[in-house]
Amino acid sequence: MAVITLRDATKQDLSQLVDIMNYYIENSVASLRTDTLNSSTGYQDIFDNVQSQHLPFFVAIDNSRVGRIAGFTYATGFRMPAYQGYRHTVEITIYIHPEYRGQSVGSKLMDALMDALKSPVKLGAPEIKQVLSIMTLDENGPGNGYGLRDWYGRWGFFQIGHMKRVGFKHGRWIDVLIMQASLEE
């Protein structure tokens, strides 16, 4: 089993993040993107956006395979920067390299992300009160897709919305769930 450590993402990580993301774009409905990302610029805007908002962006590194990224997670300001009234709410993203699924990489990343959102250490980081996850409901996944929803529940997320048939990918209609965790309680 891999020995995983977490650290802040760097610009040098972006090409591996694109590779992970492109896997999900091409092979699943976890992302409703349909066009693959460019390896040189695919995550640059997101990385810059997260950095400018002083929010966390973590990668999980497999120490047994030098420099291999096993997964990543980050938070972005919800509807930011255009809607400053949402500045205390973030939307999170998490993806695990397919070779590392089921090895607790996602749980380690979520622990770190939620801890960083509860107790920010970056200078200028906003005080976060609410955390959102917008997730596809993959009826071919564990629990007909509800397994992922239940996984989020381990960090205090509750389903607050169910948008039916709002996505279309790989020849089928996809429902989307809105999950929310409060950091105030």
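Val59 has Phe72 as its bridge partner in strand 3. Strand 2 (57-62) and strand 3 (68-77) run antiparallel and are joined by 6 bridges. Two strands count as paired if DSSP finds at least two bridges between them. Helices (H or I, at least four residues) and strands (E, at least two) are DSSP runs, numbered from the N terminus.

This is a predicted model, in which local features need pLDDT of at least 70, side-chain atom pairs count only at pLDDT 80 or more, and totals for chains, interfaces and linings use all residues. Residues are numbered from 1 along each chain as its sequence is written, and side-chain values use heavy atoms, with hydrogens and water left out.

**Strand 3 and its partners**

- Strand 3 is mostly covered, with 10 of its 10 residues buried. Buried means under 20% relative accessible area, exposed means over 50%, and partly exposed lies in between (1.4 Å probe, protein chains only).
- Strand 3 also runs antiparallel to strand 4, with 7 bridges joining the two. Here Phe72 stands opposite Tyr95 of strand 4.
- The hairpin of strand 2 and strand 3 has 5 residues between the strands. Gly67 takes a positive phi near 80° in this hairpin.
- Thr76 lies in strand 3. Thr76 counts as buried because its relative accessible area is 15%.
- Leaving aside neighbours within four places in sequence, Thr76 is in contact with Asn49, Val50, Gln53, Leu55, Thr89, Val90 and Glu91. Contact means heavy atoms within 4.5 Å.

**Helix 1**

- Helix 1 covers residues 14-27, 14 residues in total. Its first and last C-alpha atoms are 20 Å apart, close to the 20 Å expected at 1.5 Å a residue. The expected span is 1.5 Å times one less than the number of residues.
- Its buried residues are Leu14, Leu17, Val18, Ile20, Met21, Asn22, Tyr24 and Ile25.
- These buried residues pack against helix 2 (44-52), strand 2, strand 3, strand 4 (89-96) and strand 6 (158-169).

**Nonpolar core**

- The largest nonpolar core has 52 residues. Such a core is a set of buried Ala, Val, Leu, Ile, Met, Phe, Trp, Tyr and Cys residues joined through side-chain atoms within 4.5 Å.
- Tyr43, Phe57, Ile92, Leu117, Val131 and Phe157 touch the most other members of the largest core. Helix 3 (residues 105-118) supplies the largest share of this core, 8 residues.
- Tyr43 touches Leu14, Leu17, Val18, Met21, Leu37, Phe57, Phe72 and Tyr74, not counting residues up to four places away in sequence.

**Aromatic rings**

- There are 15 aromatic pairs. Rings of Phe, Tyr and Trp (its six-membered ring) pair if their centres lie within 6.5 Å; planes under 30 degrees apart count as stacked, over 60 as edge-to-face and the rest as tilted.
- Phe78 and Tyr86 form an edge-to-face pair, 4.9 Å centre to centre with 85° between the planes. Tyr86 counts as partly exposed because its relative accessibility is 31%.
- Tyr152 and Phe157 also pair edge-to-face, at 5.3 Å centre to centre and 70° between the planes. Both Tyr152 and Phe157 are buried.
- One aromatic cluster is formed by Tyr23, Tyr24, Tyr43, Phe47, Phe57, Phe72, Tyr74 and Tyr95.
- The charged end of Arg79 sits over the ring of Tyr83, 4.4 Å from its centre. The rule asks for NZ of Lys or CZ of Arg within 6 Å of the ring centre and within 35 degrees of the ring normal.

**Loop between strand 4 and helix 3**

- Arg101 lies in this loop. At 47% relative accessibility, Arg101 is partly exposed.
- Beyond its neighbours within four places in sequence, Arg101 is in contact with Tyr23, Tyr24 and Ile96.
- Arg101 and Gly71 are 30 residues apart along the chain, and their C-alpha atoms are separated by 9.1 Å.
- Ser104 belongs to this loop too. Ser104 is not a glycine, yet has a positive phi of about 70°. Its relative accessible area of 43% makes Ser104 partly exposed.

**Strands 6 and 7**

- Strand 6 and strand 7 (residues 172-182) run antiparallel, joined by 8 bridges. His162 stands opposite Leu177 in strand 7.
- Their hairpin has 2 residues between the strands. His170 lies in this loop, with a positive phi near 50° in a residue other than glycine.
- At 46% relative accessibility, His170 is partly exposed.
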